[in-house]
Amino acid sequence: MTAGADPGAPQPVADYPGRVPRVTLQTIADQVGVSRMTVSNAFSRPDQLSEKLRLRILEAATELGYVGPDPAARALARGTTGAIGILLTSGSLRHAFDDDVATGFLGAIAGEVTPTGLALTLLTATTGGETIPARDVPMDGAVVYSCDATTEAVEYLTRRGLPMVFVDQQPASGIPSVNVDDRAGARAAAQHLVDLGHRRIAVLTAATGVPPGLVKDPAADARHSKQVSRERLLGYLDALGPAGITPVVHRQSGSNDDEAHAAARELLVREDRPTGILCFSDVIASGVYSAADELGLAVPGDVSVVGFDDSPLARRLRPQLTTVRQDVGEKGRVAAAALMTAMQHHREGTHARARHVVLPTELVVRESTAAPH
């Protein structure tokens, strides 16, 4: 402050600690003595300048504290955002970090797109409120992961004309899709219990958007479920029906071990207690383990348990879990490759036939299944 200045007068912004005056392309141009377009070319079209001039401009930018062109303006100029979205079932962002299968899938996608410089943006399918991710978040394409294809969020992505890939859901015409052979895997799991001699078999399935509880008509329920729930339940019925077995089917609202604990406890205190339980996921199987332990029942001595996914959890459980293996890493890699191909065709204005990939599953027999006593 200069002598005689009014101490109560507002001070220039630059006088406040921590405030840095905004540096623009014109600021750098003035510093170097070139045009604004020349500075812009140094960042976005370096082949237009001599190496010596470009280095002078970049050094001046560094000295002035310039962090680079505004991302929004650059995206507008290029017609791309440099990001792809992954649309998840509404409210499931935390699940993406807590669930071994989801994290494995996302990690595989990240591994594929990292060398391209693309960023990943996780989106919920929420369509209420002022901000609607599927409508408002900038992206160049999207992986739609285990969502209801009729949800409004998918409709927003479609209306935006974004390239998409469907994963773990019903294939749609013109959109690439990646699924695993859930039905064959579930059929193998159920046949395994049948071959061991089990006749009292229960199924713990999961489906969002419908009330939890015992299912009166499993075949009808399967027809109204999402892709993965439907295919796994139909696979179980494929093997149990011909064996003359009518399973007790309990549906829960998600792949949650606490819900599974409660559901398994309900099943295991019945007079006609099941000797084998087929589980929608390894997480649900872990809930069955805890319920059996709480009731003083042994796995597999009193109840055999089969999971699905072959996540790391399956090997951590004791006894180790018999389960159906899906290659989550390959699913993520194939999905990422399919999306980048779709984005390239979109940029070039060309069309290609949408591929619908179905990856194999495999029954992995470990220690949680045995013949009934």
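Predicted model: local features only at pLDDT ≥ 70, side-chain atom pairs only at ≥ 80, totals over all residues.

Q: What makes two strands a pair, and in which sense do β6 and β9 pair?
A: Strands of a sheet pair through backbone hydrogen bonds, either parallel or antiparallel. Here strands are DSSP runs of E with at least two residues, helices are runs of H or I with at least four, and both are numbered from the N terminus. Two strands pair if DSSP finds at least two bridges between them. β6 (residues 201-206) and β9 (residues 276-279) are joined by four bridges in the parallel sense.

Q: Which residue of β8 stands opposite leucine 204?
A: Histidine 250 holds that place in β8. Strand β8 (residues 248-252) runs parallel to β6, with five bridges between them. Alanine 202 stands opposite valine 248 in β8.

Q: In what order do the strands of this sheet lie?
A: The order is β7-β8-β6-β9-β10, an open sheet of five strands with mixed pairing. β7 (213-214) and β10 (304-306) are at the edges; each has a single partner strand, so one side of each is left without a neighbour in the sheet. Helix α9 (residues 182-196) packs on the sheet and touches β6, β9 and β10, and its direction makes about 175° with that of β9. Contact means heavy atoms within 4.5 Å; axes are lines fitted to C-alpha atoms, for helices over the stretch in contact, and angles run from 0 to 180 degrees between N-to-C directions.

Q: In which sense do β7 and β8 pair?
A: They pair in the antiparallel sense, over two bridges. Glycine 213 has arginine 251 as its bridge partner in β8.

Q: How many residues of β6 are buried?
A: Buried means under 20% relative accessible area, exposed over 50%, and partly exposed in between, with a 1.4 Å probe and protein chains only. In β6, six of its six residues are buried. Ile201, Val203 and Thr205 are buried on one side, and Ala202, Leu204 and Ala206 are buried on the other. As for β8, four of its five residues are buried, so it is largely enclosed by the rest of the structure.

Q: Is histidine 261 buried or exposed?
A: Histidine 261 is buried, with a relative accessible area of 19%. It belongs to helix α12 (residues 257-268). Leaving aside neighbours within four places in sequence, histidine 261 is in contact with Gly287, Ser290, Ala291 and Glu294.

Q: What is the order of the six-strand sheet?
A: That open sheet has the order β2-β1-β3-β4-β5-β12, with parallel pairing. Its edge strands, β2 (119-124) and β12 (356-359), each pair on one side only. From one strand to the next the twist averages 20°. β5 (residues 177-180) and β12 pair in the parallel sense over four bridges, and the bridge partner of valine 180 in β12 is leucine 359.

Q: Which strands does α15 lie across?
A: α15 lies across β1 (83-88), β3 (142-145), β4 (164-167), β5 and β12, at about 160° to β4. Arginine 347 is in this helix (residues 328-348) and is exposed, with a relative accessible area of 56%. Between arginine 347 and proline 163 there are 9.8 Å in space, C-alpha to C-alpha, although they are 184 residues apart in sequence.

Q: Which residues lie nearest the centre of the largest pocket?
A: Rolling a probe the size of a water molecule over the atoms shows where empty space is left. A pocket is an open set of points on a 1 Å grid over the protein atoms alone, where a 1.4 Å probe fits, with protein on both sides within 12 Å along at least five of seven lines; lining residues have an atom within 4 Å of a point. The largest pocket is lined by 36 residues, and His95, Asp99, Gly254, Ser255 and Phe280 lie nearest its centre. α11 gives the most to this lining, with four residues.

Note on methods
Residues numbered from 1 in each chain as written. Heavy atoms only, no water.
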